[in-house]
Amino acid sequence: MAATVAAFEVEELRKKLQDASLSESEKKETEEKMSARQKELEQLKSAKKSPGSIANPYSKSLYMRAAIRDVLSGDEGVSLIGETIVVGGWVKTGRTAEKGAFTFLEINDGSCPTSLQVLVKAEIENPDRIKQTGVCVVVEGELKAAPAESKQKTELHVSKMLHVGTCEAAAYPIAKSKLSLEFLREKIHLRVRTNTIAAIQRVRNCLAFATHRFFQESGFQYVHTPIITASDCEGAGEMFQITTMLAAAEEAGKKPPPTEEYIASLKAAASAAGSKVADIKKASKEGSDEDKEKAKQDLKPALDELMAAKKAVEEAEAAAKNVGGLPRTATGGIDYSTDFFGQPVNMTVSGQLQAEIYACAMTSVYTFGPTFRAENSHTSRHLAEFWMIEPEIAFADLFDVMQCAEDYVRYCCVRVLEECMDDLVLLSKMYDKGCIDRVRAVASQPFGRCSYTEAIEILKKAVANGHKFENNEIEWGMDMGSEHERYISEKVFKKPVCCYNYPKAIKAFYMRANEDGKTVASMDVLVPGVGELIGGSQREERYEVLVSRLEELNLDPKVYEWYTDLRKFGTCVHSGFGLGFERLILFCTGMENIRDVIPFPRWPGNARG
Ligand SMILES: NC(=O)C[C@H](N)C(=O)O
């Protein structure tokens, strides 16, 4: 809410003014900023609202319901005092007062972290039906000024209960206010009813919208790349396969395969049927008129018998090869030609290759969709299904995409500070006190830049000075671990860093080879608290170099023909990157575990919800 942001800013500026080391001009500038924000705050607070102006446009036919966010925004509802409004939501807490004459409910509808206090008289609704956490209510009533001692400025005095969805209190798993995040992951269908998960969802929503805004305002086309694909972009083989052969295999697998004797007996039957046909044919040419007439009648059924016998042999032979119920090729591999797509396919690990196709015709494009990795990884930084944003830009080199990555991430931070401050405040109080400062710091200053070779020097020096990493063997060519990446961004630069020009041996086939013969034009953005947030590169645009790189890595150039074709038909310098959306959310919310920032997390052994 804009007013919350303004109030927060005023407070921050007030704190800053107490800093004795401020110069006269800094002090003046801060005072001016503060009075401008103060004025803005006053305006927001006095903006006049009406029940009609705040009613949700798509909740009018049933109830004329308003979102609690719109009731409370700016002035905490003061300008609506005396008006009749309708709100709907779920009870956070309920209590009775005056021996059950009143029920006080805190209701929340997910539109903002704040709940609305609602007062229901016993003659309007039985307290026992509504006071449990988790009950759903839609209520109509007059918004009144709250008593002076209460923490909120307004409360709703209910005149009509429009809906009650009761909640079985004893069985409701999230009735308690403080539950562990691990426990909530098990109650996946109810966890968004908690303040934490709802706040994270609002931040996620804000970042998703900010992503589209940033790229749309920068002239990018949003491209939908496929989820089902035959190519492995990262060449790492950590893919989920897609097939329809398994259900049929299960059926086929139930029958024992035909024995050699059985196949031999079928073959004998086929050969007998063959001889019979030959005899009939002979009789039709050489026999008496009577024989010829009979042969004419016998030929058709004999031919049918032969065809059926041959088919039985073929089927039995195929079934004998059908190990585990799966059809096999002559060399014993699985025969995918009978599968749905006629070839092995998997769920995408990255939309990059297809994004390149579009960039090489439309110049600036981006994808934003789910990607999948079948890594058996149980860390707090990995998911089997995660969302990725992948811009791809023609006529752009490595340094252009580094700048794009920096601008995009900073833009997201600005948006989240402007639009989700209440959520950030809530989360930072509960989980990570320094989070808002880190987001602000990212929004307000340029990223660092450092080559991989420089990064290795920094790490070596750290070890020489006594710093202990879990992996203390620092040498050029290593794949830096998260502890090393975090050291560089958190301890050395104290801000996000674009690290670039990594060794060729640890990077993917599509990255452009540098002149030194050892490195490729790749970059990672390393961020405090998170480690690697972005990976990207300038793409290899030279046909021969790309094909020989594929061969070097034992990747079949035939499989990547369409990709290498782009280099044959009007090639150009182009670059792009991929940002793991959930890692951006981790950074902005200060949450520790990636499983808590996606609505329905998938990890090995878990696909709840
Ligand atoms: N689009 C990109 O550059 C991201 C890269 N394909 C990755 O998955 O890391």
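The legends below describe close-up views of a predicted model.

Residue numbers start at 1 in each chain and follow the sequence as written, and side-chain values rest on heavy atoms, without hydrogens or water. Local features need pLDDT of at least 70 and side-chain atom pairs pLDDT 80 or more, while totals for chains, interfaces and linings use all residues.

**View 1. The chain is divided into domains 1 to 4.** Domain 1 covers 2–46 and domain 2 covers 54–178. Domain 3 is made of 199–239 + 349–596, and domain 4 spans 258–321. These bounds come from an automatic or database domain assignment. Between the C-alpha centres of domain 1 and domain 2 the distance is 34 Å.

**View 2. Residues form a shell around the ligand.** The shell contains four nonpolar, four polar and four charged residues. In this sorting, Asp, Glu, Lys and Arg are charged, Ala, Val, Leu, Ile, Met, Phe, Trp, Tyr, Cys and Pro are nonpolar, and the others, Gly among them, are polar.

View 3. A polar side-chain atom of Glu390 is 2.5 Å from a ligand nitrogen atom. For the side chain of Gln352, the distance from an N or O atom to a ligand nitrogen is 2.6 Å, and for that of Tyr510 it is 3.3 Å. Of the 270 Å² of accessible area that the ligand has on its own, the protein covers 88% (Shrake-Rupley method, 1.4 Å probe).

**View 4. Phe214 and Phe215 form an aromatic pair.** The structure has 19 aromatic pairs, meaning Phe, Tyr or Trp rings (for Trp, the six-membered ring) with centres within 6.5 Å. The rings of Phe214 and Phe215 are 5.0 Å apart centre to centre, with 85° between the planes, so the pair is edge-to-face (over 60 degrees). Both residues are buried, that is, under 20% relative accessible area (1.4 Å probe, protein chains only). Ring pairs also join them in a cluster with Phe220, Tyr222, Tyr366, Tyr408 and Tyr411.

**View 5. Thr363 has a positive phi.** The angle is about 65°, although Thr363 is not a glycine. Most residues other than glycine have a negative phi. Thr363 sits in the loop between α11 (352–362) and β10 (364–372).

Terms used:
Near = heavy atom within 4 Å. Polar contact = N/O pair within 3.5 Å; in protein donor to acceptor, adjacent residues only side chain to side chain. Phe/Tyr/Trp six-rings, centres within 6.5 Å; stacked < 30°, edge-to-face > 60°. Buried < 20%, exposed > 50% of the residue type's maximum accessible area, 1.4 Å probe, protein only. Helix = DSSP H or I, 4+ residues; strand = E, 2+ residues; numbered from the N terminus.
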